[in-house]
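I am opening my notebook beside the sequence and the model.

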Amino acid sequence: MIQAEKIWLDGKLVDFKDATLHFLTHSLHYGNAVFEGTRAYKTQNGLAIFRLEEHTKRLLESAKITLLNCPFSQKELENAQIELLKANAFKENTYIRPLIFLGDGVMGLYHMKAPVRVGIAAWEWGAYLGEEGLEKGIKVKISSFARNSVKSCMGKAKASANYLNSQIAKFEAIEAGYEEALMLDEEGFVAEGTGECFFIVKNGVIITPPNDFSLKSITQDTVLKIAHDLGISVLRQRISRDEVYTADEAFFTGTAAEITPINNIDARIIGNGSRGIITKALQDAYFDIVYGRNQKYASMLTYI
């Protein structure tokens with residue numbers, strides 16, 4: 001169960017139990033809200049938020065795309081997240097969830113007169129797909145549901161409405177005995193997971209699709225930087241379903257998923273059925289960065 005002492009709501013810290021909303025909250029009915037997922041890691045020098053600036057910038061860009069006029073600046077939102085972590089005095093790795101949404105007072109599809117509200121929650125949270133999954137990998141099902149089309153939604157916004165697609169795909173995968181879903185785009189090529197970017201390794205080269213049908217990922221960008229440092233070749237190109245099955249390695253990336261190996265896709269064993277050599281090298285380097293052990297990337301951490 002998610003627990004904390006305080007939540008930041010509309011510029012003020014409130015008790016966790018008091019962060020409640022009216023039933024007629026506009027975003028609850030029509031889905032127009034945008035959010036972020038950001039992690040803070042317990043380093044040797046204290047809790048540190050990973051890529052706070054980039055996550056907050058993406059939050060505000062999502063709000064702009066969906067016509068939500070956020071009443072707070074980027075700096076104010078960054079400071080709010082720092083203030084919230086200080087107020088809760090977390091002892092372990094922490095997940096941060098900012099949300100820009102429409103409050104109550106106006107109903108109907110035209111939303112511009114609804115009040116724009118902002119909340120930020122945080123709680124201690126471990127590995128999204130399980131600690132064992134980080135080491136041994138997970139089973140993935142290619143979903144029968146296509147990723148949202150760019151013809152009908154705005155996929156570059158991390159919008160709440162976009163994630164109904166992900167919820168249904170994940171349910172389908174879990175009900176079928178898998179742990180996560182992989183969605184194809186409307187043309188039949190790999191788009192992304194339900195909340196992660198997708199990578200394969202083939203003949204020593206890392207391949208990840210362009211973000212045509214997916215959110216621009218901050219973790220994906222981090223992994224690409226790591227690969228460059230490690231001298232690993234990277235291709236940004238479409239991946240077909242059959243290419244997925246014959247990959248030497250595969251893994252998901254995301255703020256929640258971090259770098260999670262994939263050992264099985266649609267009952268096809270990937271590689272040798274366990275975490276691959278390149279995936280482990282990327283994982284090790286990634287965790288060195290987020291835990292403050294790589295000074296080259298020190299600017300990515302905001303210490304509390």
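**Entry 1: Leu59 and Pro98**

I began with Leu59, and, leaving out residues up to four places away in sequence, I found that Leu59 touches Val34, Phe35, Glu36, Leu77, Pro98 and Ile100, where contact means heavy atoms within 4.5 Å. I noted at once that this is a predicted model, in which local features need pLDDT of at least 70 and side-chain atom pairs count only at pLDDT 80 or more, while totals for chains, interfaces and linings use all residues. I also noted that residues are numbered from 1 along each chain as its sequence is written, and that side-chain values use heavy atoms, with hydrogens and water left out.

Leu59 is found in helix 2 (residues 52-65); helices (H or I, at least four residues) and strands (E, at least two) are DSSP runs, numbered from the N terminus. Is Leu59 buried or exposed? Leu59 counts as buried because its relative accessibility is 1%; buried means under 20% relative accessible area, exposed over 50%, and partly exposed in between, with a 1.4 Å probe and protein chains only.

Leu59 and Pro98 are 39 residues apart along the chain, and their C-alpha atoms are separated by 8.0 Å. Apart from residues up to four places away in sequence, Pro98 touches Val34, Phe35, Glu36, Leu59, Gln81, Gly119 and Ile120. For a contrast in distance, I looked up Pro98 and Asp284, which are 186 residues apart along the chain and have C-alpha atoms separated by 28 Å.

**Entry 2: two helices**

Helix 3 (residues 74-88) has 15 residues, which should span 21 Å at 1.5 Å a residue, and its end C-alpha atoms are 22 Å apart, which agrees; the expected span is 1.5 Å times one less than the number of residues. The buried residues of helix 3 are Leu77, Glu78, Ala80, Gln81, Ile82, Leu84, Leu85 and Asn88. An α-helix has 3.6 residues a turn, so residues three or four places apart point the same way. After helix 3 comes Ala89, whose phi is positive, near 50 degrees.

Helix 5 (residues 163-175) has 13 residues and should span 18 Å, and its end C-alpha atoms are 18 Å apart, which agrees. Its buried residues are Tyr163, Asn165, Ser166, Ala169, Lys170, Glu172 and Ala173, and what covers them includes strand 3 (33-35), strand 8 (138-142) and strand 9 (180-184). Helix 5 is followed by Gly177, with a positive phi near 95 degrees.

Thr253 lies in strand 14 (residues 249-254) and is buried, with a relative accessible area of 0%. Not counting residues up to four places away in sequence, Thr253 touches Glu196, Cys197, Phe199, Thr219, Gln220, Val223, Glu258 and Ile259.

Glu258 lies in strand 15 (residues 258-265), is buried with a relative accessible area of 4%, and has a positive phi near 55 degrees. Most residues other than glycine have a negative phi. Asp266, in the loop between strand 15 and strand 16 (268-269), also has a positive phi, near 50 degrees, and counts as buried at 11% relative accessibility.

**Entry 3: Asp212**

I looked up Asp212 in the loop between strand 12 (205-208) and helix 6 (218-230). At 44% relative accessibility, Asp212 counts as partly exposed. Leaving aside neighbours within four places in sequence, Asp212 is in contact with Val150 and Lys156; Val150 is 62 residues away in sequence and 8.1 Å away in space, C-alpha to C-alpha.

**Entry 4: the whole protein**

How many helices and strands are there in the protein? I noted eight helices and 17 strands. Buried residues make up 52% of the 304 residues. Among contacts between residues at least 6 apart in sequence, 71% join residues at least 24 apart. The C-alpha atoms fill a box of roughly 55 × 45 × 30 Å, taken along the principal axes.
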